[in-house]
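Subject: Structure handover and notes

Dear colleague,

I am passing on the structure we spoke about, and my notes on it follow below. Please read them with the coordinates open beside you.

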Amino acid sequence: MCAIFGSFEVNKLKELALLNSYRGERSFSISEYSPNTKKLLTKQKCMGRFSLDNVELTAGMYYVAHIQAPTTEASAIESIHPSDRNDGHDLLWHNGILKENFVEEMQSALSSDLKWDTGLLHDWLIEDKSLNDVDGTFACLRYVDGDIKLFRNEISPLFVDSKLNISSTKFPGAEPLIPNKIWTLDFKEYIMNEGPSFTTKENPYYFG
């Protein structure tokens with residue numbers, strides 16, 4: 001299990017880290033995004049419990065963090081989020097578990113021996129393959145083309161409030177991110193712009 005959380009406020013980030021701590025303490029990362037320059041820098045990737053003790057954060061940034069428990073056979077170091085492609089210009093954070101048979105399907109389609117489901121999902125997206133076909137659970141934050149995008153299917157949680165604080169665990173004032181859509185965060189207007197839609201391949205909890 002994993003968690004994604006983010007905020008402009010360091011204290012809020014710490015609060016969300018504590019709230020999500022039950023979701024994984026094997027490894028963590030912390031990144032910061034500038035709404036002005038649209039550049040993102042990963043400040044820390046570490047094994048162990050989330051901590052800001054040795055991280056010097058820059059004021060005025062939007063902070064993105066991830067904590068993780070083991071979910072795949074990928075090595076511990078290899079699977080610390082975010083997945084990085086294009087020299088830091090395309091990054092993916094993922095909370096969820098993709099089904100084993102779909103991981104094998106991605107490996108075949110991408111001619112890859114990568115075991116990390118997040119890295120495979122990232123390559124899947126880069127190849128413009130459809131989220132409609134992704135079998136499993138996913139809630140993701142993706143940094144691409146200078147923007148931060150959020151998306152999830154109907155099975156994996158992600159919550160957001162009016163200040164664009166985000167968290168894999170519900171927190172006061174937050175609402176579930178509407179699933180099956182790709183949202184781009186607008187940090188000037190504090191809104192989310194709606195993008196392309198997709199469908200959840202299989203939701204075992206849907207009884208409608």
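Strand 8 and strand 12 (residues 181-186) run antiparallel and are joined by two bridges, where strands are DSSP runs of E of at least two residues and helices are runs of H or I of at least four, both numbered from the N terminus, and where two strands pair if DSSP finds at least two bridges between them. Within this pair, lysine 149 has threonine 184 of strand 12 as its bridge partner.

Before going further, please note that this is a predicted model, in which local features need pLDDT of at least 70 and side-chain atom pairs count only at pLDDT 80 or more, while totals for chains, interfaces and linings use all residues. Residues are numbered from 1 along each chain as its sequence is written, and side-chain values use heavy atoms, with hydrogens and water left out.

The sheet around strand 8

Strand 8 (residues 147-152) is mostly covered, with five of its six residues buried; buried means under 20% relative accessible area, exposed over 50%, and partly exposed in between, with a 1.4 Å probe and protein chains only. Strand 7 (residues 139-144) is joined to strand 8 by six bridges, again antiparallel, and tyrosine 143 has isoleucine 148 in strand 8 as its bridge partner. The two strands form a hairpin with two residues between them, and aspartate 145 in the turn has a positive phi of about 55°.

These strands belong to an open, antiparallel sheet of six strands in the order 5-6-7-8-12-13. Strand 5 (83-85) and strand 13 (191-197) stand at its edges with a single partner strand each, so one side of each is left without a neighbour in the sheet. From one strand to the next the twist averages 20°. Strand 5 pairs with strand 6 (residues 90-95) over three antiparallel bridges, and the partner of aspartate 84 in strand 6 is leucine 91.

Helices 2 and 3

Helix 3 lies across strands 5, 6, 7 and 8 and runs at about 130° to strand 6, the angle being taken between N-to-C directions, from 0 to 180 degrees, of axes fitted to C-alpha atoms, for helices over the stretch in contact. Against helix 3 (117-126) pack the buried residues of helix 2, contact meaning heavy atoms within 4.5 Å.

Which residues of helix 2 (residues 100-110) are buried? They are Phe102, Val103, Met106 and Leu110, and they lie on the same side of helix 2 because they cover an arc of only 105° around the axis, as judged from the directions from the helix axis to the C-beta atoms. Glu100 and Ser108, on the other side of helix 2, are exposed. Serine 111 follows helix 2 and has a positive phi, near 50°.

An open sheet of seven strands, with antiparallel pairing, has the order 3-2-4-1-10-9-11, and its edge strands, strand 3 (40-47) and strand 11 (175-176), each pair on one side only. Strand 1 (residues 2-7) and strand 10 (residues 166-167) run antiparallel, joined by two bridges, with phenylalanine 5 opposite serine 167 in strand 10. Helix 1 (residues 10-20) lies across strand 1, strand 2 (27-33), strand 4 (62-68) and strand 10, and runs at about 165° to strand 1.

In the loop between strand 2 and strand 3 lies serine 34, which counts as buried because its relative accessibility is 8%. Leaving aside neighbours within four places in sequence, serine 34 is in contact with Lys39 and Met61.

Best regards
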